[in-house]
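Please keep the sequence and the structure in view while reading.

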Amino acid sequence: MRSRYLVCYDIRNDARLRRTAKVAEAFGFRLNYSVFLCDLSEVELTRLEAGLRDAVDLRVDSVLIVNLGPGGPSTDRRLRWLCGGVPVPDSGSAAIV
């Protein structure tokens with residue numbers, strides 16, 4: 001079963017920021033500069049976490065991964081999109097987080 005995750009990060013170094021973005025882009029959909037929506041299996045979540053740990057310096061950088069529950073349209077009903085921006089997968093809505 002897949003779950004939907006909100007992945008956000010704050011990276012202090014440009015090179016690590018680019019590496020972190022590449023990892024997140026491989027697993028999810030960019031909502032904003034450092035915010036991604038990812039529908040992942042347990043294996044994919046483990047791979048995402050491993051990739052992020054390799055990309056960041058946890059002494060100064062931070063990453064937040066929030067489990068939003070089962071992925072797909074049912075998750076979209078639990079989220080409130082405040083204004084237009086990029087389209088969100090499965091919903092046809094727009095979002096800026």
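With a relative accessible area of 38%, D10 counts as partly exposed, a class that lies between buried (under 20%) and exposed (over 50%), computed with a 1.4 Å probe on protein chains only. The model is a predicted one, in which local features need a pLDDT of at least 70 and side-chain atom pairs count only at pLDDT 80 or more, while totals for chains, interfaces and linings use all residues. Residues are numbered from 1 along each chain as its sequence is written, and side-chain values rest on heavy atoms, with hydrogens and water left out.

**Salt bridges**

D10 is paired with R12 in a salt bridge, a term that here requires a side-chain nitrogen of Lys or Arg within 4 Å of a carboxyl oxygen of Asp or Glu. The structure holds 6 salt bridges, among them the pairs in the table.

| Pair | N to O distance |
|---|---|
| D10 and R12 | 3.5 Å |
| R16 and D61 | 2.7 Å |
| D57 and R59 | 2.9 Å |

Helices (H or I, at least four residues) and strands (E, at least two) are DSSP runs, numbered from the N terminus. R16 counts as buried, at 15% relative accessibility, and D61 is likewise buried, at 5%. In the pair of D57 and R59, D57 is buried at 17% relative accessibility, whereas R59 is exposed at 74%.

When its neighbours within four places in sequence are set aside, D61 is in contact (heavy atoms within 4.5 Å) with D10, I11, R12, R16 and V56.

**Helix α1**

The expected span of a helix is 1.5 Å times one less than its number of residues; for the 14 residues of α1 this gives 20 Å, in agreement with the 20 Å between its end C-alpha atoms. The buried residues of α1 are R16, T20, A21, V23 and A24. These residues cover an arc of only 165° around the axis, which puts them on the same side of α1, the arc being that of the directions from the helix axis to the C-beta atoms. An α-helix has 3.6 residues a turn, so residues three or four places apart point the same way. On the face turned away from the buried side, α1 carries the exposed residues D14, R18, K22 and A26.

The cover over the buried residues of α1 includes β1 (3–10), β2 (29–32), β3 (35–40) and α2. At the start of α1, a side-chain oxygen of N13 comes to within 2.9 Å of the backbone nitrogen of A15. A15, itself in α1, is partly exposed at 31% relative accessibility, and its C-alpha atom is separated by 9.1 Å from that of A55, 40 residues away along the chain.

**The whole chain and its confidence**

The protein chain has 3 helices and 6 strands, which follow one another along the sequence in the pattern β-α-β-β-α-β-α-β-β. Of its 97 residues, 36% count as buried, and among contacts between residues at least 6 apart in sequence, 63% join residues at least 24 apart.

Confidence is highest in helix α1 (residues 14–27), at 98, and lowest in strand β6 (residues 94–95), at a mean of 42. Over residues 91–97 the pLDDT stays under 50, and for these residues the model has 27 contacts beyond four places in sequence.

Definitions and conventions
pLDDT = per-residue confidence, 0-100. Polar contact = N/O pair within 3.5 Å; in protein donor to acceptor, adjacent residues only side chain to side chain.
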